[in-house]
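Subject: Structure handover

Hello,

Here is the structure for you to open. My notes on what I found follow below it.

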Amino acid sequence: MSESATSGVREMTVASAFAGMRSVSPVVFRAGCPDCRGRFELTASDLRLAIGATSRTTFYSFTCPECGASVRKPAGERIVELLTGGGVSTLRLHSAL
Ligand SMILES: [Zn+2]
């Protein structure tokens with residue numbers, strides 16, 4: 001009954017297979033806080049993008065990891081492309097009809 005020990009080897013193989021799939025590097029966005037003037041890097045999950053009808057109502061927001069302030073900044077076309085391409089969750093505000 002000592003041969004049952006081999007069952008654990010397959011689990012190791014599955015774990016290493018998943019580890020090999022992590023080839024996609026996460027996108028990092030550089031941001032600054034106007035409150036504490038801290039500079040830091042944020043990942044897509046830290047950012048929120050709100051797209052309004054005009055560029056004035058299009059902005060991105062995040063919470064400063066250093067002082068906890070909620071920062072909101074206007075997002076131009078380039079930034080919108082960058083953020084949506086990086087996997088940032090996008091909120092579409094009411095579009096004008
Ligand atoms: Zn701050």
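Start with the largest nonpolar core. Seven residues make it up: Leu-47, Leu-49, Tyr-60, Phe-62, Ala-75, Leu-83 and Val-88. A nonpolar core here is a set of buried Ala, Val, Leu, Ile, Met, Phe, Trp, Tyr and Cys residues joined through C-beta atoms within 7 Å. A residue is buried if 20 or more other C-beta atoms lie within 10 Å of its own, exposed if 12 or fewer, and partly exposed in between, with C-beta atoms placed from the backbone. E3 and E4 are the elements that give two or more residues to this core. Helices (H or I, at least four residues) and strands (E, at least two) are DSSP runs, numbered from the N terminus.

Two points on the source. This is a predicted model: local features need pLDDT of at least 70, side-chain atom pairs count only at pLDDT 80 or more, and totals for chains, interfaces and linings use all residues. Residues are numbered from 1 along each chain as its sequence is written.

Leu-83 is worth a click. Beyond its neighbours within four places in sequence, Leu-83 is in contact with Leu-47, Leu-49, Tyr-60, Ala-75 and Val-88. Contact means that the C-beta atoms of two residues, placed from the backbone, lie within 7 Å.

Now the overall layout. The protein chain has two helices and six strands. From the N terminus, the order is α-β-β-β-β-β-α-β. Of the 97 residues in the protein chain, 7% are buried. Take the contacts between residues at least 6 apart in sequence: 51% join residues at least 24 apart.

Next, the sheet. Four strands form an open sheet with mixed pairing, in the order E5-E4-E3-E6. Its edge strands are E5 (70-74) and E6 (89-92), each pairing on one side only. Two strands pair if DSSP finds at least two bridges between them. On average, neighbouring strands of this sheet are turned by 25 degrees against each other, direction ignored. Helix H2 (residues 77-85) packs on the sheet and touches E3 (47-51), E4 and E6. The direction of H2 makes about 130 degrees with that of E3. Axes are lines fitted to C-alpha atoms, for helices over the stretch in contact, and angles run from 0 to 180 degrees between N-to-C directions.

Strand E4 has two faces. Tyr-60 and Phe-62 are on the covered one, while Phe-59, Ser-61 and Thr-63 are on the uncovered one. E3 and E4 run antiparallel, joined by four bridges. Leu-47 has Phe-62 as its bridge partner in E4. On the E5 side, E4 (residues 59-63) pairs in the antiparallel sense over five bridges. There, Phe-62 has Val-71 as bridge partner, and Ser-61 stands opposite Arg-72. E4 and E5 form a hairpin with six residues between them. Gly-68 in that turn has a positive phi of about 85 degrees.

Last, the other hairpin. E1 (residues 28-32) and E2 (residues 39-43) pair in the antiparallel sense over five bridges. Six residues lie between these strands, and Arg-37 takes a positive phi near 60 degrees. Val-28 lies in E1, and its bridge partner in E2 is Thr-43. Is Val-28 buried or partly exposed? Val-28 counts as partly exposed because it has 13 C-beta neighbours inside 10 Å. Leaving aside neighbours within four places in sequence, Val-28 is in contact with Glu-41 and Thr-43.

Best wishes
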